[in-house]
Amino acid sequence: MTRKTPKNSTGKSILGSRLSSICGGNFFQRLLTRFTTPEEIFGPLSLRGLENDEYRRVTDGFLPTASVAFLDEIFKANSAILNSLLTILNERRFDNGGGGKGVRGEVCPIRCVVGASNELPESDELDALYDRFLLRREVLPVSDDGIIRMLNMPLLESSPRN
């Protein structure tokens, strides 16, 4: 399977996409804000399930079924999303309505989550999520001189991408 990288992608989203190519499986990508709803990350509620008095989500194509995920501005998510993310990152499970039936949740095939943020977490509730990321890399802003050097660099020829 060949994936083309969009011309307007940033380096961090390309990283997630390339990891997905290496690992195989589904790739999930989302920009999180304080207004992001759980439906955007975990899937919409199942109407058929609601007809049967079950609170379940349709997770196909969403984070619980992804092998690799890229979550931009991860620390801006609300607590409803953060709590479910903790379980997915730590236990590789997603509670999809199993609740009180002794079910620990559905197994998630997630192998790698790339989280990006323009700011480090400042509240205690985000510390647990921050701790789940074993590899961390802080990228400092480009200096004024660095921007000038970067703008003066020659363009490289495009190389074929897999």
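Student: Which residue of β2 is the bridge partner of Phe 27?

Tutor: In β2, the bridge partner of Phe 27 is Val 68. The model is predicted, so local features need pLDDT of at least 70 and side-chain atom pairs pLDDT 80 or more, while totals for chains, interfaces and linings use all residues. Residues are numbered from 1 along each chain as its sequence is written, and side-chain values use heavy atoms, without hydrogens or water.

Student: What makes β1 and β2 a pair of strands?

Tutor: Two strands pair if DSSP finds at least two bridges between them. β1 and β2 have 5 bridges in the parallel sense, so they count as paired. Strands are DSSP runs of E with at least two residues, helices are runs of H or I with at least four, and both are numbered from the N terminus.

Student: Why are β1 and β5 called edge strands?

Tutor: The open sheet has 3 strands in the order β1-β2-β5, with parallel pairing. β1 (27-31) and β5 (112-116) each pair on one side only, so under the pairing rule they are the edges.

Student: What makes Phe 28 and Phe 62 an aromatic pair, and how are the rings placed?

Tutor: Rings of Phe, Tyr and Trp (its six-membered ring) pair if their centres lie within 6.5 Å; planes under 30 degrees apart are stacked, over 60 edge-to-face, and the rest tilted. Phe 28 is in strand β1 and Phe 62 in the loop between α3 (47-51) and β2, 34 residues apart.

Student: How do you know whether Phe 28 is buried or exposed?

Tutor: Buried means under 20% relative accessible area, exposed over 50%, and partly exposed in between (1.4 Å probe, protein chains only). Phe 28 has 2%, so it is buried. Phe 62, at 18%, is also buried.

Student: What kind of aromatic pair do Phe 42 and Phe 94 form?

Tutor: Their centres are 5.2 Å apart with 25° between the planes, and the pair is stacked. Phe 42 is in helix α2 (residues 38-42) and Phe 94 in strand β3 (residues 93-94), so parts 52 residues apart in sequence are tied together. Phe 42 is buried at 1%, and Phe 94 is buried at 4%.

Student: Why is the link between Glu 106 and Arg 56 called a salt bridge?

Tutor: A salt bridge needs a side-chain nitrogen of Lys or Arg within 4 Å of a carboxyl oxygen of Asp or Glu. The closest N and O atoms of Glu 106 and Arg 56 are 2.7 Å apart, so the pair qualifies. Glu 106 is in strand β4 (residues 106-107) and Arg 56 in the loop between α3 and β2, so the bridge joins parts 50 residues apart in sequence. Glu 106, at 29%, is partly exposed, as is Arg 56 at 31%.

Student: How do you know that Arg 136 sits over the ring of Tyr 130?

Tutor: The rule asks for NZ of Lys or CZ of Arg within 6 Å of the ring centre and within 35 degrees of the ring normal. Arg 136 lies over the face of Tyr 130, at 4.2 Å from the ring centre. Arg 136 also forms a salt bridge with Asp 131, with the closest N and O atoms 3.9 Å apart.

Student: What does Glu 73 contact beyond its neighbours within four places in sequence?

Tutor: Contact means heavy atoms within 4.5 Å. Glu 73 is in contact with residues including Leu 31, Ala 116 and Asn 118. Glu 73 has a relative accessible area of 6%, so it is buried.
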